[in-house]
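Thanks for coming. Let's go through the charged pairs in this structure.

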Amino acid sequence: MSRGRLITLEGSEGVGKSTNLDVVCKFLEEKRIRFTVTREPGGTEIAERIRELLLSETTEIMDGLTELLLMFAARNQHLTRKILPELDQGLWVVSDRFTDASYAYQAFGRSIAIEKVDTLRQLVQGGFNPDLTLLLDVEPDVSRGRISDRELDRIEKENLEFYQRVRAGYLDLAEKLERIKLIDASKNLESVGSEIRRHMSEFIFSLNNDSAIVDR
């Protein structure tokens, strides 16, 4: 049995991750690849409790470093209790965000030294990284407009300048890492979905390993 693959979707609020996560799942179903879906922060009982703490508003302001440490605490639990065991079972894992989000949100958004994120990444995951990352990109003023009609959590309430820094962080990662595929999410759903399917097809083709695709 071949080990599974980790596919991550990244991008700030309002880029359409939830909608396009369905595109990824339907594609895997068509290819008869066994998979599971998860999210960050969260994915396990303990990590979901940390998520509540991270996203809930309190009278006490959360320090940026505290936020970063909590993110990686949740990620460690998620990785060790869900992602790695399921990959070992041959399942593909589709995750709504992973460590790239900490570089975008905490390093760029909160202006925390990238070296601190690097240190925590090495501590929690060593050399482990996603196999493919689909980065949905939209101008922050557009993405903010898309979520204006819903109740916002603590991080979603950050100002436009914060989200401009977050986007800059994601774009910086996309320039440096080949596994990250930049997708213009300002286009219509059909075009975005088509682009996702193209990247998924190219990824599967590149594996050149029929044993990676297991019938349900």
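**Salt bridges, one by one**

At 42% relative accessibility, Glu202 counts as partly exposed; that class sits between buried (under 20% relative accessible area) and exposed (over 50%), with a 1.4 Å probe and protein chains only. Its partner is Arg198: the two side chains form a salt bridge at 2.9 Å, N to O. By salt bridge I mean a side-chain nitrogen of Lys or Arg within 4 Å of a carboxyl oxygen of Asp or Glu. Arg198 is partly exposed too, at 36%. Both residues belong to helix 8 (residues 189–207), four residues apart, about one turn of the helix. Helices (H or I, at least four residues) and strands (E, at least two) are DSSP runs, numbered from the N terminus.

A word on the source. This is a predicted model, where local features need pLDDT of at least 70, side-chain atom pairs count only at pLDDT 80 or more, and totals for chains, interfaces and linings use all residues. Residues are numbered from 1 along each chain as its sequence is written, and side-chain values use heavy atoms, leaving out hydrogens and water.

How many salt bridges does the structure hold? There are 18.

Take Lys17 and Asp96. Their side chains meet at 2.8 Å, N to O. Lys17 is in helix 1 (residues 17–30) and Asp96 in strand 3 (residues 92–96), so this pair ties together parts 79 residues apart in sequence. Both are buried.

Next, Glu67 and Arg154. This salt bridge is 2.6 Å, N to O. Both residues are buried. They also belong to a network of salt bridges that links Glu67, Arg110, Arg154 and Glu158.
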